[in-house]
Structure formats: C-alpha cells, structure tokens
Amino acid sequence: MIERLAARLSSGVLIGGLALFPLQSHADDGVGEIQGYRLDDYRSAVPATLAGARVIDTGEAEKLWKEKAAVFIDVLPRPPKPKLPEGTIYREKLRYTIPGSIWLVDVGYGALPPEMEIYFKDGLKRVTAGDAARSVVFFCLSNCWMSWNAAKRAMHYGYSNVIWYPEGTDGWADAELPVEEKQPEPRPGDNP
C-alpha cells in the first residue's frame, strides 16, 4: 500500500515546492494528434491515438507485463542534481514505476539535443537487443505528452511495434498493481 501511495505521490516533479508536472485527470478532452512533436505544456490532455502505434489501457498493459511480451520504457523527466554547497544533503525524488521497466529520462521532450538522441537510441537498442520489431511500451504519467513524443520518436527511429500506454504510472497505481523504486539510466553528463 505504501509503495502504491508513493507511486501516486511521485506523479509530480517538485522543485522548490513548485509542481512542474502536477496530477491531472485521465480525460483526453477531445484532443487530436499533432503533426510533429509536442514542444510545450507536456502535462495536459493528450490525444486518444498515436498514428502507427498501438494505444493500450491499464488492463492491456498489465497483460503484456505479466506475459513479458514487451519491454516497458518509462520516460518521466528528472531535473539534474543542482550544484549545492559542500556538505548539503540532497535527496532526489523517488520514482516508483512498473517493475522491470527501464527509465530513460528526458527522451520525451519535443526537441532533443544530439547527445540525448544518442542516449535514447542506445537505450532502445540495449533493451530490445537490437530487435526493432520487439514490442516496446512507452509510458510516463497520465496526460503526459512525454510518452506520446517518445513513442512517436521510436517509430521515426524504425521501431515497428510501438505501444503507447497513456495512463502511465498513474493508471498503474490506480489499479493497485505492483510498483518498484527505480533509478534512471544515467543521462549524458550525469555522474554515476
């Protein structure tokens, strides 16, 4: 129960008390797809579709997860650790996510710098063992364009079995499915 509550609480990114990604409802509000990638307002109503990808709900995500029929990739962004005075105690916000998933941070932004493109491509290649036909589920939080962007970008990279789970860890936790604490794959420039 505590882990499920923590998963719900980890749905927002807080910096200095400011919620960058506050909790949102699961409604799509009739939002349609866009031509390119979403470049701003990432925590807002998302479309119900993603051309070329399969869109799933929590029940379908659970089935794929239980059957180990897909690789799950969490794309929730994470602010870099700030430069702090020596001796300062810094606690990163915990992320509770779908067990067995890989957390590739910051790959859902609308525009990626070249080093993040490489990070994303390398992460995808590693978790799919180089099989571009392997089923890959992208998720973040509910109403998070980051997962929509990441799934769309994976298709652009040539992945042919892309699955988008728009309910993300919010839907997963709401269904009282298990979660685990996860650390992200180190980004370019991160100190391990």
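By buried I mean under 20% relative accessible area, by exposed over 50%, and by partly exposed in between (1.4 Å probe, protein chains only). Helices (H or I, at least four residues) and strands (E, at least two) are DSSP runs, numbered from the N terminus.

I note the basis of the entries here. This is a predicted model, in which local features need pLDDT of at least 70 and side-chain atom pairs count only at pLDDT 80 or more, while totals for chains, interfaces and linings use all residues. Residues are numbered from 1 along each chain as its sequence is written, and side-chain values use heavy atoms, with hydrogens and water left out.

**Overall layout**

I found 5 helices and 9 strands in the protein. Along the sequence I read the pattern α-β-β-β-α-β-β-β-α-β-α-β-α-β. Of the 192 residues, 47% count as buried. I then took contacts, meaning heavy atoms within 4.5 Å. Among contacts between residues at least 6 apart in sequence, 78% join residues at least 24 apart.

**Helix α4**

I listed the buried residues of α4: Trp145, Met146, Ser147, Trp148, Asn149, Ala150, Ala151, Lys152, Arg153, Ala154 and Met155. Their cover includes α3, β7 and β8 (162-164). I checked the length as well: from first C-alpha to last, α4 reaches 16 Å, close to the 16 Å expected at 1.5 Å a residue. The expected span is 1.5 Å times one less than the number of residues. After α4 comes glycine 158, with a positive phi near 105°.

**Helix α3**

I ran the length check on α3 (residues 114-127) too: its 14 residues should span 20 Å at 1.5 Å a residue, and its end C-alpha atoms are 20 Å apart, which agrees. In α3 I found Met116, Tyr119, Phe120, Gly123, Leu124 and Val127 buried. Seen down the axis, these buried residues fall within an arc of 125°, so they line one face of α3. The arc is that of the directions from the helix axis to the C-beta atoms. On the other side of α3, Pro114, Ile118 and Lys125 are exposed. Cover for the buried residues of α3 includes β4 (71-74), β6 (102-103), β7 (136-139) and α4 (145-156). Just after α3, alanine 129 has a positive phi of about 55°.

**α3 against α4**

How do the axes of α3 and α4 cross? I found that they come within 11 Å and cross at roughly 75°. That makes α3 roughly perpendicular to α4. Glu117, Phe120 and Leu124 of α3 make the contact with Ala150, Arg153 and Ala154 of α4. I sorted the residues of this contact into 4 nonpolar, no polar and 2 charged. Axes are lines fitted to C-alpha atoms, for helices over the stretch in contact, with angles from 0 to 180 degrees between N-to-C directions. Angles under 35 degrees count as roughly parallel, over 145 as roughly antiparallel, 65 to 115 as roughly perpendicular and the rest as oblique. Ala, Val, Leu, Ile, Met, Phe, Trp, Tyr, Cys and Pro count as nonpolar, Asp, Glu, Lys and Arg as charged, and the others, Gly among them, as polar.

**Loop residues**

I looked up aspartate 106 in the loop between β6 and α3. Its phi is positive, near 65°, and aspartate 106 is buried at 13% relative accessible area.
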